[in-house]
Amino acid sequence: MIANCDVLVTRFSSTAFVGLALGTETYSDFDVDELRRLMPVQNGSAAFRIGHVRRRLLDAGCALDSGAGDVRSGRYRLPPDAAR
């Protein structure tokens, strides 16, 4: 929905960051100039880097750390024989 709007009015900084990254006219309770200054660099390499980490974990037979709890925690345990 953010990608298809002409103007974005939001109270959440995470939504405002998406609008700013897409070049959408954005209004927020936060200072939009400050959000632009804090916005993560959009250089097209994030997808490549995320894919590289995913391939490395899958190739190594990565398993969830049993003590990590939830899948969303992002903590993984590599098998003992996996090269790091």
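Predicted model: local features only at pLDDT ≥ 70, side-chain atom pairs only at ≥ 80, totals over all residues.
Figure 1. The accessible surface of the protein comes to about 6800 Å². Carbon and sulfur atoms hold 55% of that surface.

**Figure 2. Order of helices and strands.** The protein contains 3 helices and 4 strands. Along the sequence they follow the pattern β-α-β-α-α-β-β. Take the contacts in the protein with a separation of 6 or more: residues 24 or more positions apart account for 0% of them.

**Figure 3. The buried face of helix α1.** Helix α1 spans residues 13-21. Its buried residues are Ala 16, Gly 19 and Leu 20. Seen down the axis of α1, these residues fall within an arc of 95 degrees, so they line one face of the helix. An α-helix has 3.6 residues a turn, so residues three or four places apart point the same way. What do the buried residues of α1 pack against? Their partners are β1 (7-10), β2 and α2 (32-38). After α1 comes Gly 23, with a positive phi near 80 degrees.

**Figure 4. Thr 26 in strand β2.** Strand β2 covers residues 25-28 and includes Thr 26. Is Thr 26 buried or exposed? Thr 26 has a relative accessible area of 6%. The cut-off for burial is under 20%, so Thr 26 is buried. The side chain of Thr 26 reaches the backbone oxygen of Thr 24 at 2.8 Å. Setting aside residues up to four places away in sequence, Thr 26 touches Leu 8, Ala 16, Gly 19, Leu 20 and Val 32. Among these, Ala 16, Gly 19 and Leu 20 are the buried residues of α1.

**Figure 5. Leu 35 in helix α2.** Leu 35 sits in helix α2. Its relative accessibility is 6%, so Leu 35 counts as buried. Which residues does Leu 35 contact, leaving aside neighbours within four places in sequence? They are Ser 13, Ala 16, Phe 17, Leu 20, Ser 28 and Phe 30. Two of them, Ala 16 and Leu 20, are buried residues of α1.

**Figure 6. The Leu 20 and Leu 35 pair.** Leu 20 is a buried residue of α1, and Leu 35 belongs to α2. The two are 15 residues apart in sequence. In space, they are 8.3 Å apart, C-alpha to C-alpha.

Methods
Residues numbered from 1 in each chain as written. Heavy atoms only, no water. Helix = DSSP H or I, 4+ residues; strand = E, 2+ residues; numbered from the N terminus. Buried < 20%, exposed > 50% of the residue type's maximum accessible area, 1.4 Å probe, protein only. Polar contact = N/O pair within 3.5 Å; in protein donor to acceptor, adjacent residues only side chain to side chain. Contact = heavy atoms within 4.5 Å. Arc of directions from axis to C-beta. Areas by Shrake-Rupley, 256 points an atom, 1.4 Å probe, with all protein chains shown as cover.
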